[in-house]
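Please look through the sequence and the structure shown here before reading the short report that follows.

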Amino acid sequence: MTHLNRRFANGFLSSIALLLASGVATLSTATVTPFQDSTQDWSQRIWDSAKNSEFPGLDQLRVRFDAMPDGSFDQIALEHFRQTDTRNRENERKAFVTRDEAHNEALKELLEEKSNENLSQALLAAVKAQTFSENFNDAFENSMIMEIVAQAEREIPELEANGEWLEAQELIYRLRTLYSDTDFLEKYDLYDKQLMRVSRRVSMLSKYAPRHMHDYRSRRAERLGEEPLDEFNEARADDWQERLRDINIKMLKRSMKTAAVEHIENERWLPLLEGGLESLSLLASTPALSETFPALDDKAMVRKWIGFIDKELQTLDRQNGDDMTSWTLSRLLSRILETNEKTLNFPPELIYREFGDGAMYKLDRFSEIMWPNKLRRFEQATQGNFVGVGIIIRETETNDILVVNPTEGGPAYYAGVKPNDLIKEVNRESTAGWSVNDAVDNITGKVNTDVELG
């Protein structure tokens, strides 16, 4: 049921409340003779119908005033109910007209965007049309919407194959939104899983392939008619090394053991190991990362690495998760490092970090390992007199950093930052793939120093 439906229901219940409070009777269904029922019987029948959401019979339940015996009821209360019922009918009519106009306008927008070959905006228009439908499921009976959905489903694999991860992420997010709060739960779950995987790739690109990410964002800006981006800042090309500095295998093992033993859901080792392996598979199957790790250009070695990961996942699937211990992790890491030396030769610190982050991601979005670079920033923030710029931020479903609200009187407030602004850059560095913690780490700084937000 849409929100519009619930508003109608609430309006009708308000009328019922007036009826019951005044003790006025209403007409039963056609099979009951009005004069045989007491006021209490009639009121109870209306109330039961309302509680059971039997709104298709609303017209039958409304009062037929001419059928009521004269002088049997409070005429003032009865007239009050007449007026309330009339207003309720008129409000319903206006709401339906407004909703239908908005629905038709959204479909018109869908056609325009489709003719302009802007598939993402066409999907967004489809979501708008769905919002103004009586029932969200009705959208899937509209041939124009389903044509756009089919086109998106065809294009997403092509975009992924071509490494256009930002555009693929956008389309999958639109499709997931379209299927949310509908009866098509399997479709929603499918797109939700796809979105998580693509978003993780986007995050990896942001960390380890900043030039490619800059190119993706430039093409997206051009496609949407936005202002062109500045040239890529070459000084940011080696930022990934700071993410890995001082990481070692002992940190990973201690963190994994803590998560396996102390996490609130207590799922033990299996999901952690699966998440870590899946993360290493994503790392190797994202070709653009060859910008930083050239061995990914060797397709034969990539196939060997991914084949090894798949075999390890199959082995885990055959084991009893309750029998796994920290020794299971140690032996698995030994095999990973040995295979890495023979294939892609990733820096060991990269394997530790991505394995650990993948494991935490498998648990929930709120658990993470405090790696050395995060710990350094945390210590700066708590011991170095670090401050922010006076904004509340959160992460959106598409991994954008959204301004919830600027603090009145703060630097961001006076600089013109507004609610619902998206922070796309911090000091000319793209925020694509950042978590909220990443954004906080980069926006905060020492008192009276500057930070540039885009």
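## An exposed proline in a loop

Proline 287 has a relative accessible area of 53%, and because a residue counts as exposed when this value is over 50%, proline 287 is classed as exposed. This residue belongs to the loop that runs between helix α12 (270–284) and helix α13 (299–318). Although 82 residues of sequence separate proline 287 from leucine 205, the C-alpha atoms of these two residues are 9.8 Å apart in space. These values, like those in the rest of the report, come from a predicted model.

## The chain as a whole

The chain has 454 residues, of which 43% are buried, and its secondary structure consists of 18 helices and seven strands.

## Helix α7 and its partner α5

Two packed helices can be described by the angle between their axes together with the distance between those axes. For helix α5 (residues 119–131) and helix α7 (residues 165–179), the angle is about 15 degrees and the axes are 9 Å apart. Angles under 35 degrees count as roughly parallel, and therefore α5 and α7 are described as roughly parallel to each other. The crossing that α5 makes with α7 is left-handed.

On the side of α5, the contact is formed by Leu119, Ser120, Gln121, Leu123, Leu124, Ala126, Val127 and Gln130, while α7 contributes Glu170, Leu171, Arg174, Leu175, Thr177 and Leu178. When these residues are sorted by class, the contact of α5 with α7 holds eight nonpolar, four polar and two charged residues.

## Helix α7 and its partner α6

Helix α6 (residues 143–161) also packs with α7, here at an angle of about 145 degrees and with the axes 9 Å apart. The crossing of α6 and α7 is left-handed.

Which residues of α6 and α7 meet? From α6 come Ile145, Met146, Val149, Ala152, Glu153, Ile156, Leu159 and Glu160, and from α7 come Trp165, Glu167, Ala168, Leu171, Ile172, Leu175, Leu178 and Tyr179. By class, the contact of α6 with α7 has 13 nonpolar residues and three charged ones, with no polar residue. Reading the two contacts side by side, one finds Leu171, Leu175 and Leu178 of α7 listed in the contact with α5 and also in the contact with α6.

When its neighbours within four places in sequence are left aside, threonine 328 is in contact with Leu273 and Gln319.

## Two asparagines with positive phi

Asparagine 345 is not a glycine, yet it has a positive phi of about 55 degrees. Its place is in the loop between α14 and α15 (348–363), and with a relative accessible area of 56% asparagine 345 is exposed.

Asparagine 448, which is not a glycine either, has a positive phi of about 70 degrees. This residue is found in the segment after β7 (445–446), and at 77% relative accessibility asparagine 448 counts as exposed.

Conventions: Residues are numbered from 1 along each chain as its sequence is written. This is a predicted model: local features need pLDDT of at least 70, side-chain atom pairs count only at pLDDT 80 or more; totals for chains, interfaces and linings use all residues. Side-chain values use heavy atoms; hydrogens and water are left out. Axes are lines fitted to C-alpha atoms, for helices over the stretch in contact, and angles run from 0 to 180 degrees between N-to-C directions. Helices (H or I, at least four residues) and strands (E, at least two) are DSSP runs, numbered from the N terminus. Angles under 35 degrees count as roughly parallel, over 145 as roughly antiparallel, 65 to 115 as roughly perpendicular and the rest as oblique. A crossing is left-handed if the near helix is turned anticlockwise from the far one by less than a right angle, and right-handed if clockwise. Contact means heavy atoms within 4.5 Å. Ala, Val, Leu, Ile, Met, Phe, Trp, Tyr, Cys and Pro count as nonpolar, Asp, Glu, Lys and Arg as charged, and the others, Gly among them, as polar. Buried means under 20% relative accessible area, exposed over 50%, partly exposed in between (1.4 Å probe, protein chains only).
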